Amino acid sequence: MMIIELKGKIFEKVTELAEQESLEVYVIGGFVRDKIINRKSKDIDFVIVGSGIDFAQKLAKLLNPKIKVSVFKNFGTAMFKYKDTEYEFVGARKESYQRDSRKPIVENGTIQDDQNRRDFTINALAISMNKASFGNVVDPFGGLKDIEAKIIRTPLDPDITFSDDPLRMMRAIRFATQLNFDIDENSYESIKRNKERIKIISGERITDELNKIILSKQPSIGFNLLFDSGLLEIIFPEMYNLSGIEKNNNVGHKDNFLHTLKVLDNISENTDDLWLRWSAILHDIGKPKTKKFVDNSWTFHNHQIVGANMISGIFRKMKLPLNEKMKFVRKLVEMHHRPISLVTEPITDSAIRRLVFDAGEDLDALLTLVESDITTQKEEKQHRFLTNYQKLRVKIKELEEKDFIRNWQPPIDGNEIMKLLNIAPSKIIGVLKDEIKDAILDEKIENSYEAAYEYLLFLAKKNNLLKDEK
Ligand code: ATP
Ligand code: MG
């Protein structure tokens, strides 16, 4: 019997209350698993063989009468926050499912019933909080052994576990990715058999799990499993379509799915930003639609534009936020080819200024993306590209120090152009505005109001826009 002695005020009080109320109480699930593998957990779950809500309210009073307990009556759970940790309390229950829904029929049950409804053996471990058995690990399915062997396995028949709640298929792959565990073969074969069942799960819940995969240390583990199990084709066909190599005249192209995974793993070494990681996933998403065989080679002309135009549709379908995060991803996808020409051709200051101006506050993110996009196996080439990007970063810095271009706005804006020339809103305003911006970025004129004003008059005259002087 394994014993884990949990220390701390909360556990002491739980034991005290459990004895006082003569209730069986356990810590269960993720916290126990994480404790054993020495991983940080954010939340702690308790199972009470009795009422979880009642127990939570009494415990909160005992700890600090000011604690606010949130009660979810429909689910029979309650939770509160205490010193930065979330504690959740649930009555032990027995669940049975019907085929067409994730909503189980719930009855009160024993601790064993409650463990039976858990998704994986490593998530079904419980630690007793009662005095006589304090710290005893209750492990009906060999979860400890599976932690040791690094295996994700369902406690009961996987076909039943996954069919009852298909989200568990995503969770299996998510835990395999986060913990770097293998999925037990029997369970994995069952995911393949039950993949179609994922369709009864809402987009939000699928995306929640997907985002956890994306935020793991090495997200490719999860995407390879999603691909191989057949789930990816159902939940994210656009990414699935990146896969494969077509040959013509014996000329092939790289497998863009594998390339994308490499870029995603690369970027994950440099950023924990979910949206920057999403931009890596989506950077080449336009390639399948733009693929052509021309002059004996494969081209993906304008794939970044076509890809950028796919972003809002993908975000909508996957229930990702349709806000500035989406705009950021779209912008990075659209711009991810811009810096490449700056490291393969001779660079001019004005080309760099234009990049800095167009990328604005997302310049660093863009450079992180393009550096991650170097996946060539040839060491010489990889080295050359990376050093060129380093040089580009240095040049950008020098120019920025000179010009403050990153958040720069041209000294005369559209409103002012209309006022100065006394003309109504029309297309020409935008044209004039861009010409002034370009002239400054190309150092044809000085970056000042006076110079811009003078240049505007010059342009206006040239285009016959000055009404007075006609
Ligand atoms: P993390 O908090 O890191 O996501 P976790 O294992 O704590 O991991 P939670 O989603 O917090 O996962 O769930 C807590 C526990 O509830 C799990 O350990 C598991 O025992 C159980 N559980 C959660 N979701 C399911 C599910 N869909 N099916 C069966 N059991 C589940
Ligand atoms: Mg948890």
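A residue is called buried when its relative accessible area is under 20%, exposed when it is over 50%, and partly exposed in between (1.4 Å probe, protein chains only). By this criterion A460 is buried, because its relative accessible area is 0%. The structure is a predicted model, in which local features need pLDDT of at least 70 and side-chain atom pairs count only at pLDDT 80 or more, while totals for chains, interfaces and linings use all residues. Residues are numbered from 1 along each chain as its sequence is written, chains are lettered from A and ligands numbered from 1 in the order in which they are written, and side-chain values use heavy atoms, with hydrogens and water left out.

The chain is divided into domain 1 (9-149), domain 2 (150-235) and domain 3 (414-462), with bounds taken from an automatic or database domain assignment. Between the C-alpha centres of domain 1 and domain 3 the distance is 67 Å.

A nonpolar core is a set of buried Ala, Val, Leu, Ile, Met, Phe, Trp, Tyr and Cys residues joined through side-chain atoms within 4.5 Å. The largest such core has 106 residues, and F46, F223, F236, W278 and L282 touch the most other members. Helix α7 (residues 167-179) contributes the most to this core, with eight residues; helices (H or I, at least four residues) are DSSP runs, numbered from the N terminus. Because domain 1 and domain 2 both give residues to the core, it lies between them. Contact means heavy atoms within 4.5 Å. Residues up to four places away in sequence aside, F236 touches L210, W278, I281, L282, I314 and M318. Another core, of 21 residues, lies apart from the largest one and includes I412, I440, L459 and A460.

A460 belongs to helix α24 (residues 449-462). Apart from neighbours within four places in sequence, A460 is in contact with L421, L465 and L466. A460 and N249 are 211 residues apart in sequence, and their C-alpha atoms are 55 Å apart in space.

Helix packing was examined for one pair. The axes of α16 (residues 303-317) and α17 (residues 324-335) come within 8 Å and cross at roughly 160 degrees. Axes are lines fitted to C-alpha atoms, for helices over the stretch in contact, and angles run from 0 to 180 degrees between N-to-C directions. The two helices are therefore roughly antiparallel, a term for angles over 145 degrees. Residues making the contact include I305, A308 and F315 of α16 and M326, V329 and V333 of α17.

Key
Angles under 35 degrees count as roughly parallel, over 145 as roughly antiparallel, 65 to 115 as roughly perpendicular and the rest as oblique.
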